[in-house]
Amino acid sequence: MALTIYNTLTRQKEEFKPLQAGKVGMYVCGMTVYDLCHMGHGRVMVAFDVIVRYLRHKGFDVNYVRNITDIDDKIINRANENGEAFDVLVDRMVKAMDEDLGKLNVLKPNAEPKATEHIDGIISLVKTLIEKDFAYVGSNGDVYYRVRKFEGYGKLSGKILEELESGNRVDVVEEKEDPLDFVLWKSTKPGEPAWSSPWGEGRPGWHIECSAMSTCCLGNNFDIHGGGPDLKFPHHENEIAQSEAATGEQYANTWMHAGALRIDGEKMSKSLNNFFTIRDVLKEYEPEVIRFFMLSSQYRSAINYSEDALKEAVTKLDRFYTALRDADESIEAPTGTEYAKRFEAAMDDDFNTPEAIAVMFDIVRDLNKAQGQERNQLASLLKKLGGVLGCLQSDPESYLKQGVELDAAYIEEMIAKRAQAKKDKDFALADQIRSDLDAQGIELQDSRAGTGWVKK
């Protein structure tokens, strides 16, 4: 089955055909690093991490570029509030981002360009747009893009120019020729970091940064451009306009947008002050639980954040790791099985992780009934497919017992005491031991092999 991807640009699923056979150039808009990453950011980063992992599983050589916005109004304002230099704030937030995403098992991209490292390229791109009459210098020293001059404006978002009202989603600035025009280069203000340019001291606008970084790393035309749901307009629309006007080539062939993480029906957002940082949630849940929760919905769908949803992810992961317990996962996983074919069919259908996980639960069902070599092979296959999603790579015993406050030796002592009580037919004592451990967060699991335990 061919890999199909929903292309936001064409509004339909399309068979994925990279520009160069066997290779994929992919750019994803990363973080603006003025604060800790929240769960909405984590959802987008995990979504594209799985996409990259699966493309590589399919045999593609993926050049994955994910930028860092390290200069913009939010960064400058936060640094001023903190009384620190903007680059000091950026360095601290990048380190925190790497720690948080690392815990969620998000792989580092092949390249992670920063806007301030591409000032020369940004200036060159703005020069080209001015030379082609797609941009102009305002009386305030800012450089603006002529939106109405680009005939394809709105093709990604479906926005119609006549319906974009002044002052709604665009700034009304007297120095603009048209209220719809957006800034490419901002002239410096007192106390702001600035770089020299043909138009005076200043700094880049947000949209032009990604155009310069993506084309520098991947070329004028590349395979996939992705990002969060809120970037479609105006950010990605403006990227297309300025990039295609400058180069005369199609910018990205396939556009992908992850769904939002919602709380009470609203998108998780710092601007709405309804967000939880990844670090907040990691205090209560294991990293793999958070990742698995995010994979429970197809990447384009919105996810509703709730304690119940996270607890359900805990239960499901426990089922996986319990099934893997006592199996020899080191044995080579079988190839060409119906499970593997169904898993790949799900992922080939626009990276349908919920359906892929359903296939993995079918493996668990049969794994729990299997014995000997068949059991070991199914366990190896389950772990291999889990690895494609960035899950199930921990030691089962360690995973199931992590976060336990009781001493493991004490728990084993109680299990032995319970076994003796059952042997003595003192079932009341055996039940009491189980109940006492249960009250302390320890679940006993009886099987033909004996009694094991996990954290509830």
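Trainee: Where does His 225 lie?

Mentor: His 225 lies in strand 9. Please keep in mind throughout that this is a predicted model.

Trainee: Is His 225 buried or exposed?

Mentor: His 225 is buried, since its relative accessible area is 0% and the cut-off for buried is under 20%.

Trainee: Which side chain makes a polar contact with that of His 225?

Mentor: The partner is Glu 239: the two side chains are joined by a polar contact of 2.9 Å.

Trainee: And which residues does His 225 touch?

Mentor: Leaving aside residues up to four places away in sequence, His 225 touches Tyr 27, Cys 29, His 236, Glu 239, Tyr 251, Ala 252, Thr 254, Trp 255 and Met 256.

Trainee: In which sense do strand 9 and strand 10 pair?

Mentor: Strand 9, residues 222-227, pairs with strand 10 in the parallel sense, over five bridges. Within this pair, Phe 222 stands opposite Ala 252 of strand 10.

Trainee: How many residues of strand 10 are buried?

Mentor: Five of the six residues in strand 10 (252-257) are buried, and the strand is thus described as mostly covered.

Trainee: A change of topic: what is the order of strands in the open sheet of three strands?

Mentor: The order is 12-11-13, and the pairing is mixed. Strand 12 (266-267) and strand 13 (303-304) stand at the edges; each has a single partner strand, so one side of each lacks a neighbour in the sheet.

Trainee: How many bridges link strand 11 and strand 13?

Mentor: Two bridges link them, and strand 11 (residues 261-263) pairs with strand 13 in the parallel sense. Arg 262 stands opposite Asn 304 of strand 13.

Trainee: Now to the core. How many residues does the largest nonpolar core have?

Mentor: The largest nonpolar core has 133 residues. Those with the most contacts inside it are Met 26, Met 39, Leu 55, Tyr 145, Phe 320 and Phe 351. Helix 1, residues 39-57, gives the most to this core, with 11 residues.

Trainee: What does Phe 320 touch?

Mentor: Beyond residues up to four places away in sequence, Phe 320 touches Phe 292, Ile 357, Met 360, Phe 361, Val 364, Leu 382 and Leu 392. There is also a second, separate core of eight residues, which includes Ile 411, Met 414, Leu 444 and Trp 453.

Trainee: Which residues of helix 11 are buried?

Mentor: Among them are Ile 357, Met 360, Phe 361 and Val 364. The list also includes Asp 362 and Asp 366.

Trainee: What covers the buried residues of helix 11?

Mentor: The cover includes helix 1, helix 8 (287-295), helix 9 (307-324), helix 10 (338-348) and helix 12 (372-388).

Trainee: What span should helix 11 have at 1.5 Å a residue?

Mentor: The 17 residues of helix 11 (residues 353-369) should span 24 Å, and the end C-alpha atoms are 25 Å apart, which agrees. At the start of helix 11, a side-chain oxygen of Asn 352 reaches to within 3.2 Å of the backbone nitrogen of Glu 355.

Trainee: How many residues of helix 5 are buried?

Mentor: Helix 5 is mostly covered, with 10 of its 13 residues buried. The buried residues include His 207, Glu 209, Cys 210 and Leu 218. From first C-alpha to last, helix 5 (residues 206-218) reaches 19 Å, close to the 18 Å expected at 1.5 Å a residue.

Trainee: And what comes just after helix 5?

Mentor: Gly 219 follows, taking a positive phi of about 100°.

Trainee: Last topic: where is Gly 152?

Mentor: Gly 152 is in the loop between strand 6 (143-145) and strand 7 (182-187). Its relative accessible area is 22%, and Gly 152 is therefore partly exposed. The C-alpha atoms of Gly 152 and Glu 244 are separated by 9.4 Å, although the two residues are 92 residues apart along the chain.

Trainee: Is Glu 131 buried or exposed?

Mentor: Glu 131, which lies in helix 4 (residues 119-131), counts as exposed at 66% relative accessibility. Its C-alpha atom and that of Ala 246, 115 residues apart along the chain, are separated by 9.3 Å.

Methods: Residues numbered from 1 in each chain as written. Predicted model: local features only at pLDDT ≥ 70, side-chain atom pairs only at ≥ 80, totals over all residues. Heavy atoms only, no water. Core = buried A, V, L, I, M, F, W, Y, C linked by side-chain atoms within 4.5 Å. Buried < 20%, exposed > 50% of the residue type's maximum accessible area, 1.4 Å probe, protein only. Helix = DSSP H or I, 4+ residues; strand = E, 2+ residues; numbered from the N terminus. Contact = heavy atoms within 4.5 Å. Pairing = 2+ DSSP bridges. Expected span 1.5 Å × (residues − 1). Polar contact = N/O pair within 3.5 Å; in protein donor to acceptor, adjacent residues only side chain to side chain.
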